[in-house]
There are 2 protein chains.
Amino acid sequence: MAEPAKFSPLSELRIALPSLPMRLQEVGRFVAANDYDATTRSMRDLAAVAGADPAAFTRLAKAIGYSGWDELRAALTEARRPSQLAPFSVRAKSRRHGPNADVALVTDKFDAESAGLLRIPAQPIAEAARALHVAKRIWITGYRSCRSVAELLNYELRLFRPDQVQIVGGSGPDDLDLGAFRPGQAVIVIGFLPYTHASVRVAQAAYRAGATLIAIADSVAAPMAEGADHVLLFEAASSPGFFPSLTGAIAIAQSLAAVTFSLGGTAAKKRLQDTEVRLAAASTYVSEKG
Amino acid sequence: MAEPAKFSPLSELRIALPSLPMRLQEVGRFVAANDYDATTRSMRDLAAVAGADPAAFTRLAKAIGYSGWDELRAALTEARRPSQLAPFSVRAKSRRHGPNADVALVTDKFDAESAGLLRIPAQPIAEAARALHVAKRIWITGYRSCRSVAELLNYELRLFRPDQVQIVGGSGPDDLDLGAFRPGQAVIVIGFLPYTHASVRVAQAAYRAGATLIAIADSVAAPMAEGADHVLLFEAASSPGFFPSLTGAIAIAQSLAAVTFSLGGTAAKKRLQDTEVRLAAASTYVSEKG
DNA sequence: TCGGCCATGAAACATTTGTTGCACGAACTG
DNA sequence: CAGTTCGTGCAACAAATGTTTCATGGCCGA
């Protein structure tokens, strides 16, 4: 009974529509126009909204070759399923495997970090991005584990502002860069407890130089947040385990870059395309194949 | 809106998740990871696939403030309803035009990435950690934006296994390291579309050398996943915006390090303490004050 | 006009749905 | 160790769902 379905259920419906009885046409049009509700609401609900008889839906389904409304709805549901990554059945497997201690540790971490992401305030990020947008130059600082965040931010920002962004200490001792801070520039400092002396020094230098200071930290009381124009908070200790979590900081960095990029408009887009073309020309990437 | 902050039902679920009973956590994770099916399939169907009791779904809904499963599902279906009269692309645009357009972009990103974290399979991470635990030496590879992930992993692993971990190309040309791969060693390669040639070469070298290959990628079809002993998947494209998201990869890296550490037992703990003492002695960190 | 046919709505049907009461067991408390 | 709470699976429940049946009424050909 289940045919290979060369057409999507909606197409089948539209094709068969003209040859149907009047009332079934009305119902069919209603389903086609409200296919989302068709998959979620009950048949009786739909009938009430469409001003038709519930039985009409069953008859419509049978009229276009399905065994009943349930089967039609199932087809519609599968047709509009997002991201056809994996069928329903195979996705459940991974979690189910028992009370393994290691697996539990991992899922606990993901749970906590997933919730932690949602608690990050979005407003300050948008404001900080505006500050980055108008900055003539952007310095980025992060030591120890925060270095990875700093480098990601540096990488993404340089994709569309290649010669205005650099990591403090990236091309020599930090001290050389500290003296280069100027008003109108922006300095980003990333850090969490325990705070490194070096990052605090950078923050203080930025403050004294009159540069816009953006702190990405786990607390407003963090020393590098003193005097900062923008403080972007994340939860480093939210997840169980032994090391503080950088997931929040990474998410902030990526959002910061994304918003700054969108503020950059067509100019930024053009720069990004140029960069991509250059990378492709250097055949950095593996070419896509069908 | 009387409430200060209105979360989507999925967000509420993810926030409440960590504080729920174990069985309800499992069910909650399942719902969060399969929210589309949650809106379309019946409660009993879901229970069968998730391997849980149908009643657990009702209890989950009540635990997070709904009157029952029906109400939770209604909220979920409304949350993922496509706005009428406008296709997706148009809707995305129009939403980014208000005064808070940037803020909306950020919250959308966090929401998507928060959901993406829960879809990461935990089991393979635990297995990969066991492989790392027994590896005599660990090599880590990541290029371009993935370099930051590689460096974080390198940093955290070296905290308790300082002389067995290193980044490929960290001390000279990559080619020198490729020849050093041996059986009994582990090679971690991180990458997502578009894949760099360099990372694929490292993966192939590891495979040929008989080393344990661990791929952290966005697809099982990624070239560096060919022949890999462990493939850890994350969603790079899940979040709106212009750059792929590294949040999932970072979360995986951190979990990998955490589990490997816990497998290390007291020996690893001792090593970590030694490292901390040494850093404190060098007064790297700002001393805590009351 | 009659008789067959079909479309249509209302009501009765068997199923499936979400829910709830209950019992058992583990974990915690005094 | 007893007493309590809490989490959990099972089974029965009422409500709802989709389907079917039946009666009605309009339409067309004889």
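Begin by selecting P194(A), which sits in the loop of chain A between β3 (186-191) and α13 (197-209). The structure on screen is a predicted model. Display the backbone here: the peptide bond between L193(A) and P194(A) is cis, with omega of about -5°.

Next, move to chain B and select P194(B). This residue occupies the loop between β3 (186-191) and α12 (197-209) of chain B. The bond joining L193(B) and P194(B) is a cis peptide bond, and its omega is about -10°.

Return to chain A and select R144(A), in the loop between β1 (138-142) and α11 (146-160). Although R144(A) is not a glycine, its phi is positive, at about 55°. Is R144(A) buried or partly exposed? R144(A) counts as partly exposed because it has 17 C-beta neighbours inside 10 Å, whereas a buried residue needs 20 or more.

The next stop is R144(B), which lies in the loop of chain B between β1 (138-142) and α10 (146-160). R144(B), a residue other than glycine, has a positive phi near 55°. With 17 C-beta neighbours inside 10 Å, R144(B) is classed as partly exposed.

Now turn to the interior. Nonpolar side chains tend to be buried together in soluble globular proteins. The largest nonpolar core contains 159 residues; to see the members that touch the most other members, select V187(A), I188(A), A215(A), V187(B), I188(B) and A215(B). Which residues does A215(B) touch, leaving aside those up to four places away in sequence? The contacts of A215(B) are V189(B), A203(B), A222(B), M224(B), A225(B), A228(B), V231(B) and L232(B). Another core, of 15 residues, lies apart from it; L13(A), V27(A), L46(A) and A61(A) are among its members.

Domain 1 covers 9-79 and domain 2 covers 121-281. Taken over C-alpha atoms, the centres of these two domains of chain A are separated by 53 Å.

Finally, show both chains together and select the contact between them, to which chain A gives 69 residues and chain B gives 73 residues. On the side of chain A that touches chain B, the helices that each supply at least two residues include α3 (35-40), α10 (123-134) and α14 (247-281). By class, the side of chain A that touches chain B comprises 35 nonpolar, 22 polar and twelve charged residues.

How values were computed:
Residues numbered from 1 in each chain as written. Chains lettered and ligands numbered in written order. Predicted model: local features only at pLDDT ≥ 70, side-chain atom pairs only at ≥ 80, totals over all residues. Core = buried A, V, L, I, M, F, W, Y, C linked by C-beta atoms within 7 Å. Buried ≥ 20, exposed ≤ 12 C-beta atoms within 10 Å, placed from the backbone. Contact = placed C-beta atoms within 7 Å. Helix = DSSP H or I, 4+ residues; strand = E, 2+ residues; numbered from the N terminus. Domains from an automatic or database assignment. Nonpolar A, V, L, I, M, F, W, Y, C, P; charged D, E, K, R; others polar.
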